[in-house]
Amino acid sequence: MRGQDALAATVAATANCVVRNPTTVVAQRMQVGQYTSGLAAVLGIYRQSSWQGFYAGLGVSAARELPFAFIQFPIYEALKRLLASPSGEVSVQQGGLRLMLVGACYACVRACARASSAVAVAVAVAVAVAVAVAVAVAGLWLWLCVWLCGCACDGVAVRLC
C-alpha cells in the first residue's frame with residue numbers, strides 16, 4: 001500500500017463529505033417533517049444557525065467515510081499494478097477482474113469493521129463471503145461476456161452476448 005494512494009483517498013473522501021453534507025442536512029430535515037420544501041429548509045437552516053448549520057454531523061460523516069476510503073482506494077491501486085501487463089496497459093478483462101477483487105476485499109473489510117463481537121464478526125465474515133461470491137459471479141459474467149464477444153464500452157457490457 002502506497003502512502004500517496006491512501007492520502008489521495010482520504011483527501012477525496014474529505015472533499016466528498018464537505019460537498020455532500022449540506023444536501024444531506026437539508027434532506028434529513030425535510031424527511032423528519034421539519035420543512036416542507038428544499039428552499040424552506042435552506043432558508044430555515046441558514047436563519048437558525050448560519051452556514052454552520054449545513055455542516056451539522058460533518059465529523060460523524062467523515063469518521064464513517066474516511067477509514068473505508070483509506071482502505072478501499074489503496075487496495076484498488078495495488079491490484080491495478082498487480083494485474084497490469086508488463087507494458088502497463090490494462091485490458092478490459094483485467095479491469096473487470098480487478099474491480100471484482102476490490103469489491104470482494106472491500107465488502108469483507110467493511111463487514112468486519114462494523115462488527116463488534118466475535119459472533120458478529122463470524123456473521124459479518126459469512127455475509128462478506130456471500131457478497132464476495134456474488135461480486136465474483138457478476139464480475140466473471142462480465143469478464144466472460146467481454147472476452148467472448150468483445151461487447152464492452154469502458155469495461156461495461158453494453159449488450160447481452
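Ser61 sits in helix α3, residues 58–83. Helices here are DSSP runs of H or I with at least four residues, strands are runs of E with at least two, and both are numbered from the N terminus. Is Ser61 buried or exposed? Its relative accessibility is 13%, so Ser61 counts as buried; that label means under 20% relative accessible area, with exposed over 50% and partly exposed in between, using a 1.4 Å probe on protein chains only.

A word on the source. This is a predicted model, where local features need pLDDT of at least 70, side-chain atom pairs count only at pLDDT 80 or more, and totals for chains, interfaces and linings use all residues. Residues are numbered from 1 along each chain as its sequence is written, and side-chain values use heavy atoms, leaving out hydrogens and water.

Now, a helix pair. The axes of α1 (residues 3–31) and α2 (residues 38–49) come within 9 Å and cross at roughly 105 degrees. That makes α1 roughly perpendicular to α2, a label for angles of 65 to 115 degrees. From α1, Val25, Val26, Arg29 and Met30 meet Gly38, Ala41, Val42, Ile45 and Gln48 of α2.

Finally, confidence: pLDDT, the predictor's confidence in each residue, runs from 0 to 100. The protein chain averages 75, and 61% of the residues score at least 70. Confidence is highest in α2, at 92, and lowest in strand β2 (residues 156–157), at a mean of 43. Where pLDDT is low, the predicted coordinates should not be read in detail.

Methods. Axes are lines fitted to C-alpha atoms, for helices over the stretch in contact, and angles run from 0 to 180 degrees between N-to-C directions. Angles under 35 degrees count as roughly parallel, over 145 as roughly antiparallel, 65 to 115 as roughly perpendicular and the rest as oblique. Contact means heavy atoms within 4.5 Å.
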